Amino acid sequence: MNTRSEVSAFSVVTWGRGPLRPTAAPRRPAGRRELVGRGEELRLLRAFVRDAATHGATRVVSADPGAGKSELLAAGVELASAAGTGVLRCAGSRDGAAGELSGLAQILWPLLGSARVPPGDRDLSALETLLVGGAPGPHERAALPYTVLRVLESVSAARPLLIAVDDWDALDAASAEVLAFVARRTAGHRLGLLLTTRPHTRRTPLTGLPALPLRPLTPAESAALLAARRPGHDPHTLRDLMASAAGNPLALLELPTWTEARVPWLPPSSSRLAAALAPGADRLPAATRDLLLVAALHPTADLTLLLAAAARLQGGAPDVAALEPAERQGLVVLDGVRLVFSHPAGAGAVVRGTGARRCRSAHAALAAELAEGSVRQLWHLSQAAEGTDAELAARAEDAHRLALRQDDPALALRLLRRAADLHGRPEDRGRCLLRAAQLAGDVGWGRTARALARRALAHPLGPLGSLYARTVTRAGTPAARLPAEPAGWPAPVGDAEIDSALELAGSTAPAVAADTRRADALLAYLDALPPRTAHDPRLLHAMATAAPVRRAGTVLARLPAAGRPDNVALRDLERLGEAALRSGDPLRALELHRQAERRCHFHDLPARLPVVLLRQGLAHLVTGDWGQAGTAFRRCGEHAGEQGLTGEATAAELLAGLTRALRTGTVPAPADAHAVEAARPSVSAIKEIIAVGTGWAQVESGDAAAGHATLARLLADPGRCTAVLFALVPFAEAAGAVHAAEPARARLRLLARELGPQRAPLVSVALAVAETVLADDEDAGAHFERALALGVDQHPFLEASLRLAHGRRLRRWHEFTDSRVTLRQAAATFTMMGADARVTRITEELRASGERADTVTAGTPRADGTGGAAGVLSSQELRIARLAARGLSNRQIGAELGLSPRTIGAYLYRIFPRLGVTARAQLAGVLGADGRPPA
C-alpha cells in the first residue's frame with residue numbers, strides 16, 4: 001500500500017466520469033495562462049489529439065530545458081480531457097532517484113482496480129504483480145513491452161486514451177524502452193502518446209518518431225511574454241533579458257536583471273533555471289567545476305587562458321581533460337579556441353550557489369592571467385577585493401573610460417559601481433555613483449539610472465551634480481519638471497562638475513527647445529563653459545537640440561574633421577551624427593553614422609545597429625536619396641525586430657512608408673497616433689518629419705495646391721519644425737505651379753534674413769535652388785549661376801532639381817536640344833536616387849521637347865514584376881550593371897552610354913547595395929557571366 005501511495009502521488013489521471021485523482025496528486029489551477037507565441041504548436045497539438053482519438057498517433061516534443069515542453073504537454077492533456085479522452089501521465093526524475101519501472105508504475109497504477117478494465121485481466125494482473133514485486137527477471141523483461149501494449153490497447157478500445165510522458169529521457173531505462181516500443185505501435189488503436197524529451201540525449205529509441213517542433217520564442221513573442229508576466233522594465237533592460245534568454249520562456253521569466261548583481265559578480269540565475277539548464281552540475285568533478293566557474297566569469301576568454309586560471313585556482317597544472325565531463329552533459333561546447341555555454345543563460349545556471357570566497361578566488365586567478373592594466377584585469381581585481389581599497393578604486397574609475405572607448409558601456413558601468421564600493425571617502429563614492437547614473441541614463445537604462453542617482457544623493461555632491469541627480473530621479477515621472485532653470489545654474493568647478501553640467505544640459509535641451517527665452521539661457525550657459533568643452537559631443541548635441549537653426553553654423557564648425565572620430569566612443573559618434581543632422585548637414589551626419597555602423601559590426605553590438613541605421617535612413621531621406629533611405633529603413637526594421645526594439649521598428653515602418661510615398665508620388669495615409677507616440681523615443685521629431693514628408697509627397701503626387709498649403713504653414717515657424725528647411729525646393733515648385741511665386745519669393749527672402757549667417761551650407765544651397773525655381777525668366781540665368789557657385793554639385797537631388805527647372809525654362813524658350821540634354825541629366829540623377837515620380841515628370845517634359853519614347857523611358861524604373869536584378873534596378877541601372885559585369889571600366893561604360901565616368905560611378909554606388917554586392921567582381925555572380933540574370 002505504501003508503494004501505491006508513493007507512485008500515485010506522481011499521477012494526474014482523468015478517467016471515468018470525472019477526475020480520478022489520488023489524494024496527493026497535483027491539481028493544475030484553473031485559468032491557466034495562455035501560452036505566448038505557441039499558436040502554431042497548439043494548432044498542431046489539436047490535430048494530434050484528434051488523430052490519436054480516431055486512429056492512434058504519437059508525437060515527440062524535443063526542446064531545450066525551459067522551452068515550455070511541460071506547459072505544452074499540460075495543454076495537450078487539457079485538450080484531450082475536454083474531448084473526452086482518458087489521460088494517464090508520468091514524469092521522469094532528474095535527481096537520479098527514479099527506481100526501476102517507476103515510470104510505468106505512474107501510468108499503470110491508476111488502472112488497477114478500475115471499472116474500465118475487465119476483472120481478472122491476466123495482463124493487468126501480471127503487471128500488478130510485477131510492479132509490486134520489484135525488478136523483473138530476464139523472461140519478464142522480454143515480455144513486458146508486449147504486455148503493456150496489450151493492456152493499453154484493451155483500455156483504449158473502450159475509450160480513447162492519451163499517455164502523456166514528461167521528461168522521457170529522465171525515466172528509468174526499462175520504462176523508457178517500453179514506452180518507446182508502444183509509441184511505434186499506436187496506429188489502428190485509439191491510443192496516443194505525447195512525450196517530451198531534451199535533445200542530444202544518449203538514448204535513441206525515439207529516433208524517427210513524428211516530432212512536434214518547439215522553437216524558441218521570437219523577439220516580439222519574448223517581449224509580449226515579459227510584458228504580460230514581468231512588466232515595468234525599461235527597453236534596454238528588456239533587450240538584455242531577451243539577449244540572455246535567447247527565446248527560452250523559463251529564462252525570460254526567471255533571469256534576474258543585471259542590476260540585481262551581487263559582489264563578487266556571478267552571472268545571474270535562479271534555482272529553477274539552474275535546475276533546468278544545469279541539473280547535476282554540483283556533482284561534476286572539482287576541476288570541471290572550477291573550469292566552468294572561470295569560463296562563466298570571463299565568457300570571451302580563450303580556452304588556454306581559462307585552463308591556466310582554473311589551474312591557478314586549484315593549485316595544479318592545466319588539464320584539458322577537465323572539460324570532458326561538462327561536454328558529456330551538454331553544458332558547454334568547444335568552438336575553436338573558445339568555450340561556449342550551450343545556452344546564454346547556462347553560465348549562471350552552472351555556477352549558481354558558488355560561495356563568495358571561491359568566487360573571489362576565481363576572479364583573482366583570472367586577473368593574474370590577464371594583461372597588466374587591461375580593463376578586464378582591473379574588473380576582476382575589483383571583484384576579488386574585499387572592503388575598501390582607494391588605490392584600486394581609482395584604477396577602476398579610470399578604467400571605465402577605456403571601457404567606453406572600447407564601446408562596452410555595461411562593463412564601464414560595473415566598474416564605476418564597484419569603484420564606488422571600494423572608495424572609502426563619501427565624496428568619492430558620490431562622484432562614482434553619479435557618473436554611473438549619467439552613463440546608465442545615456443545608454444537608456446532609466447530605472448538603473450534613477451536608482452544610482454538616488455544612491456548618489458546620499459553622498460556629498462557638487463551643486464551641479466545634485467541638480468543632475470535630482471533631474472534623473474524625476475525622469476519618467478508624471479509632470480516631471482526641471483529642479484532649476486538654466487539661468488540659475490552655477491558655474492562648474494572641477495572636472496566632475498563640468499561633466500555634470502554637460503549631462504544636465506543634454507537632459508534639459510529637449511525641454512527648453514520650444515521656449516526661446518529658456519533656450520537662450522541654456523545656450524548662454526554652454527557658451528560660458530571652459531574652452532576645452534567646445535568640441536565635446538555632449539555640448540554640440542545639446543546646442544543642436546536647443547537651437548538647431550540659430551546655432552547651426554557653430555555646431556557644424558566644431559564637428560570633427562572627416563576621418564578624425566576613430567577614437568570617439570560609439571555613443572559620442574551617435575551624438576555628433578544627430579547634431580550634424582539637426583544642424584542641416586545630412587551628408588556629414590551620414591558619414592558619422594556609417595562610422596558608427598562599422599563600429600557596431602566590429603564590436604558585435606547588434607542592439608545599437610537599429611538606431612544607427614534609422615539615423616542613416618533619415619539622412620538619406622532629407623537629401624532626397626530615397627532609394628538608399630528605403631534600404632536603410634528596411635534594414636533597421638529587420639534588425640530592430642531581431643532585437644525586440646519596438647520603438648525603432650515602428651519608426652522604421654512609418655518612415656519607410658513615407659519614403660515609398662515620396663518615391664512613387666502618392667500621398668501617404670495619415671499616421672496612426674499610437675504608432676507615432678511609440679516611435680517618438682527613437683525619433684523625437686517624428687511628428688514634424690511626417691508632416692513635412694506628407695506636404696512634400698503631395699507635391700510629388702501632383703497636388704501642388706495641397707502641398708503648397710502644407711509646406712507654407714510649416715515654414716511659418718521653421719524654428720519649431722526644422723525639417724521643413726529640407727523641403728524648400730518642393731515648396732518653391734508647388735508655389736510656381738499654383739501661381740504664388742511672388743509670395744513664395746518674399747517668404748524665402750524673409751527666411752534667409754531670419755536664418756542669418758549661422759545657417760547650414762545645405763540650407764543656403766536649397767535657398768538658392770528654390771529662388772532659381774521661382775525666378776522670372778530674365779533673372780533665371782543669374783540665379784542658376786549663383787546656385788552652381790554655391791556648390792550645388794555636392795548635393796545631387798538639389799542639382800537635379802535645379803537642372804529640371806532650367807530644362808523646363810529652356811523648353812519654354814524653344815531651345816529644345818539644350819533642354820533635352822539638361823532634362824536627361826536631371827533624369828539620370830533622379831533615377832539613381834530613386835525619385836521615380838520625378839523621373840515620370842521629366843519623361844513628360846522630354847516628350848514635349850520631341851524626345852523619342854524609347855529614349856525617354858531608358859532611365860525609368862522597371863515595373864514588370866520580374867524578380868532578381870530586374871526587379872530592383874531601373875533599365876538604365878541594369879544596363880550599367882551588365883556592362884560592369886563584363887569587365888568594362890567606368891570610362892568605357894560612359895563612352896558607350898554618353899555619360900561621364902563620375903556619373904557611372906555614382907550609378908554603381910547605388911547599384912551595389914541593392915544587389916547585395918560590395919565589389920564589381922561580384923556582379924557577374926549576381927547577373928550571370930554574360931551580364932544577364934541567371935536562370
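Q: Which residues of α13 and α16 meet in this model?
A: The model is a predicted one. From α13, the residues are L305, L306, A308, A309, R312 and L313. They meet R358, S361, A362, A365, L366, A368 and E369 of α16.

Q: How do the residues of that contact divide into nonpolar, polar and charged?
A: Nine are nonpolar, one is polar and three are charged.

Q: And the geometry? At what angle do α13 and α16 pack?
A: About 130°, with the axes 8 Å apart. Helix α13 covers residues 303-314 and helix α16 covers residues 356-369. That angle makes α13 oblique to α16.

Q: Left-handed or right-handed crossing there?
A: Right-handed, as α13 passes α16.

Q: Next pair. How do α39 and α40 cross?
A: At roughly 155°, and their axes come within 8 Å. Helix α39 is residues 796-812, and helix α40 is residues 816-832.

Q: Why are α39 and α40 described as roughly antiparallel?
A: Angles over 145 degrees count as roughly antiparallel. The crossing is at roughly 155°, so α39 and α40 are roughly antiparallel to each other. The crossing is left-handed.

Q: Which residues make the contact of α39 and α40?
A: On the α39 side: P796, F797, A800, S801, R803, L804, H806, G807, R808, L810 and R811. On the α40 side: F816, D818, S819, T822, L823, Q825, A826, T829 and F830.

Q: How does that set divide by residue type?
A: Nine nonpolar, seven polar and four charged.

Q: What about α19 and α21? How do their axes run?
A: They cross at roughly 20° and come within 13 Å. Helix α19 spans residues 409-422, helix α21 residues 446-457. That makes α19 roughly parallel to α21. The crossing is left-handed.

Q: Which residues meet in that pair?
A: L413, R417 and D421 in α19 meet T448, L452 and R455 in α21. Two of the contact residues are nonpolar, one is polar and three are charged.

Q: Switching to single residues. Where is T664?
A: In helix α31, which covers residues 646-664.

Q: What does the side chain of T664 join up with in a polar contact?
A: The side chain of T666, at 3.1 Å.

Q: How far apart are T664 and V839?
A: In sequence, 175 residues. In space, 9.9 Å from C-alpha to C-alpha.

Q: What is the relative accessible area of T664?
A: It is 46%, so T664 is partly exposed. Partly exposed runs between the buried limit of under 20% and the exposed limit of over 50%.

Q: Now T710. Where does T710 lie, and is the residue buried or exposed?
A: T710 lies in helix α34, residues 704-715. At 14% relative accessibility, T710 counts as buried.

Q: What does T710 touch, leaving out residues up to four places away in sequence?
A: A691, G695 and Q698.

Q: How far is T710 from Q698?
A: They are twelve residues apart in sequence. Their C-alpha atoms are 8.8 Å apart.

Q: Where is A246 placed?
A: In the loop between α9 (235-245) and α10 (249-254). A246 is partly exposed, with a relative accessible area of 38%.

Q: And D604, what is phi there?
A: About 55°, also positive, and D604 is not a glycine. D604 is found in the loop between α28 (586-602) and α29 (609-622).

Q: Is D604 buried or exposed?
A: Exposed, at a relative accessible area of 61%.

Q: Zooming out. How many helices and strands does the chain have?
A: The secondary structure comes to 47 helices and eight strands.

Q: What share of the chain is buried?
A: Buried residues make up 53% of the 935 residues.

Q: Last one. Of the contacts between residues at least 6 apart in sequence, what share joins residues at least 24 apart?
A: The share is 67%.

Methods. Residues are numbered from 1 along each chain as its sequence is written. This is a predicted model: local features need pLDDT of at least 70, side-chain atom pairs count only at pLDDT 80 or more; totals for chains, interfaces and linings use all residues. Side-chain values use heavy atoms; hydrogens and water are left out. Axes are lines fitted to C-alpha atoms, for helices over the stretch in contact, and angles run from 0 to 180 degrees between N-to-C directions. Helices (H or I, at least four residues) and strands (E, at least two) are DSSP runs, numbered from the N terminus. Angles under 35 degrees count as roughly parallel, over 145 as roughly antiparallel, 65 to 115 as roughly perpendicular and the rest as oblique. A crossing is left-handed if the near helix is turned anticlockwise from the far one by less than a right angle, and right-handed if clockwise. Contact means heavy atoms within 4.5 Å. Ala, Val, Leu, Ile, Met, Phe, Trp, Tyr, Cys and Pro count as nonpolar, Asp, Glu, Lys and Arg as charged, and the others, Gly among them, as polar. Buried means under 20% relative accessible area, exposed over 50%, partly exposed in between (1.4 Å probe, protein chains only). A polar contact is a pair of N or O atoms within 3.5 Å; within protein, one must be able to donate a hydrogen and the other to accept it, and residues adjacent in sequence count only if both atoms are side-chain atoms.
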